[in-house]
Amino acid sequence: MTQQAIADIIAAETGLKTVHVEAALNLLAEGATIPFVSRYRKEATGGMNEVEIFNISSRAGELEELMKRKTYILNTIESQGNLTDELRSRIEACNDINVLEDIYLPFKPKRRTRAQVARENGLEPLAKIIMAQNCADIEKAAARFVTDAVADTGAAIKGASDIIAEWVNEHEQTRARVRDQFARFATITSKVVKSKAEEGENYANYFDFSRPLARCGSHAYLAMRRGEAEGFLRVSIDVDEEKTISRLVPLFVKRSATTASRELITAAVTDAYRRLTRPAIENEIAADAKVKADATAIDTFTGNLRQLLLGAPLGSKRIMGIDPGFRTGCKVVCLDANGNLLHHDIIYPTAPHNDFSGSAKKVSRLLSLHRIEAIALGNGTASRETEKFLRGMGLPAGVELFVVSENGASVYSASKVARDEFPDHDVTVRGAVSIARRLMDPLAELVKIDPKAIGVGQYQHDVDQTKLKAALDMTVASCVNSVGIDVNTASPQLLAYVSGIGETLAGNIVAYRAANGDFPSREALKRVPRMGPKAFEQAAGFLRVPTGENILDNTAVHPERYQLVARMAKDAGMTLDTFIHSPETFRNIDLNRYVDSNTGTETLNDIIAELEKPGRDPRQQAVAFEFDDSLHDIIDLRSGMELPGIVNNITDFGVFVDLGVHKSGLIHISQLSAKRVAHPSEVVKLHQHVRVKVLDVDVKRGRISLTLQGVEQ
């Protein structure tokens, strides 16, 4: 299958123009990255965004695999001597893997099936006699086939029926009609394994569950399949058997059929459906449902991850990080404005030690000594108690307290990255540093952690791990490149996600920087070992040099457009620096003067937009938050209370909110708005500060039901 053919198929499926799809595929094939193509080759792709390009790349991979399967099938059928021109044409034109396998099924090498045994016993001619449907005495016809291997006429008819059942199952229309019935009318049913009811209490919602498959949400499907895998549930997908068989019988029974033939063929159709077709189509439909559920879950996960990575940074401030705890105390670290560790210590302000005075003196001394500007407090065990202590001791003016998610901090603290950064410190110090750095710059710190460990997914361990990794990697890279990275301060982990760089080149950049000092310009990056022309082209626009020799080095304007911007400045009668600081001038430029075969209006508009905000971080600023100080545990909650909270996870079915009581509450999707909501992300964002009302509290099960309706934000 040629690139053109793949582009034609994808264009037909997506509604995009073939020329743009083909251009995107060609750029990717030449080594361009998705962020680069999306940002700097808009004319070629018609302005496609990263998601569209990612989907095109993924679909192209699927079509290439489909082509390999077609080649194998064609070779197999040809080796059997069964490949006709018509069959070849049908196979080559097919772009649906299920239909392709239907076409191949009659030619597929078979195991030793009941039908195969019947053929070996010489019963295929009898099956053909029955299928001719004009034999009035099938018993008499079957008598001719009684042999040492076929005991009597009953055995002969049974063997012939097995052959007919296989023909029915391998008929394309059989599978098409059964597939259509499942697609339109399938019901998914889940029942508890009775002996496991108590042990599987987490799946109580699915102990007696039935719903049309088309209306079964991703979270419900994945939950049932997990419960099935763990042995707590029995899950099936089925349709009305009688109705489905009634649609199959007319495919094989002629109106003129003799009574005996009609009965035997109808019985064979029923047998084929129950024994062969239904199980196969159920598995196929289940697999398709899993793919759709996975896609929804992955979309939700990547959406949450994007919001988390693009969370508001506090910026280059001197931070105190606190990882709270009870018995083992609270680990305290102090960092400078560049995130370097200055000091670490332990305080014991909570039970069982309750050393309020000593802890307050130590914190006050560290705040003053290291000129701390903000405190990042982890939201895990003992967080509320430690927060109460900190607020109660009286923080100095100007020092704000932020509660920060700890998700993944323990994973980071035990990782090779953390050991390399802090070889002389234990996991508790590393974890507290991670918490502090997340406040300073969530993106720079969270890229060091496997996204699956960050805690914002939905059944992330149950979905296709290859697709999940690809989507998460794309999301992280998208976030990193959309923000832009200071090449003189970025960690190797952060640099590795920059377009065109990767782990090896990131390591080379850091090593070169350590040996030669800060990069004075983007151009100086070309001196880094293995930074060839292609890598520089892909990476340069996403790397920033805030104090660069060229003022454009701290913008998203690509070096390939520097001469264009210089020309604009010259035409305006200004130096480059003066031009960039004169927005009223470049906003009024006639961009049509600069359009040529390589530069269109989309690129020019991007350049002007970037010049209006050179070096500006697109993310919002961090804002401090306080929980209700009178509430510390789920038992403190009552229906009707209105409380402040922080959105800490978004799923298909609703939103989880941290209320500071050690258990997150759930706002079901139906409680997010008085209007119908297709997905919770339409209403709220991750880490958004909200006010909620408590609907119900189930202390025994640890469940809190919340609503946004009727609550003023």
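Colleague: What does Glu387 form a salt bridge with?
Modeller: In this predicted model, Glu387 forms a salt bridge with Arg391, and the closest N and O atoms are 3.1 Å apart.

Colleague: Why are Glu387 and Arg391 separated by about one helical turn?
Modeller: They are 4 residues apart in helix H17, residues 383–393, so about one helical turn separates them.

Colleague: Is Glu387 buried or exposed?
Modeller: Glu387 counts as buried because its relative accessibility is 3%, and the cut-off for buried is under 20%. Arg391 has a relative accessible area of 30%, so Arg391 is partly exposed.

Colleague: Which residues do salt bridges with shared partners join into one network?
Modeller: That network consists of Arg114, Lys158, Asp162, Asp271 and Arg275.

Colleague: How many salt bridges does the structure hold?
Modeller: There are 47. One of them is between the side chains of Arg278 and Glu282, at 2.5 Å from N to O.

Colleague: Where are Arg278 and Glu282?
Modeller: Both are in helix H15, which spans residues 259–309. They sit 4 residues apart there, so the separation is about one helical turn. Arg278 and Glu282 are both buried.

Colleague: And Lys290, what is its salt-bridge partner?
Modeller: The partner is Asp294, with 2.8 Å between the closest N and O atoms. Lys290 and Asp294 also lie in helix H15, 4 residues apart, about one turn of the helix.

Colleague: Buried or exposed, for Asp294?
Modeller: Asp294 is buried, because its relative accessible area is 5%. Lys290 has 23% relative accessibility, so Lys290 counts as partly exposed.

Colleague: How many bridges join E11 to strand E14?
Modeller: There are 5, and the two strands run antiparallel. E14 is residues 689–698. Within this pairing, Glu642 stands opposite Lys693 in E14.

Colleague: What about E12, in which sense does that strand pair with E11?
Modeller: E11 and E12, residues 654–658, pair in the antiparallel sense over 4 bridges. Val647 stands opposite Val657 in E12.

How values were computed
Residues numbered from 1 in each chain as written. Predicted model: local features only at pLDDT ≥ 70, side-chain atom pairs only at ≥ 80, totals over all residues. Heavy atoms only, no water. Pairing = 2+ DSSP bridges. Salt bridge = Lys/Arg side-chain N within 4 Å of Asp/Glu carboxyl O. Buried < 20%, exposed > 50% of the residue type's maximum accessible area, 1.4 Å probe, protein only.
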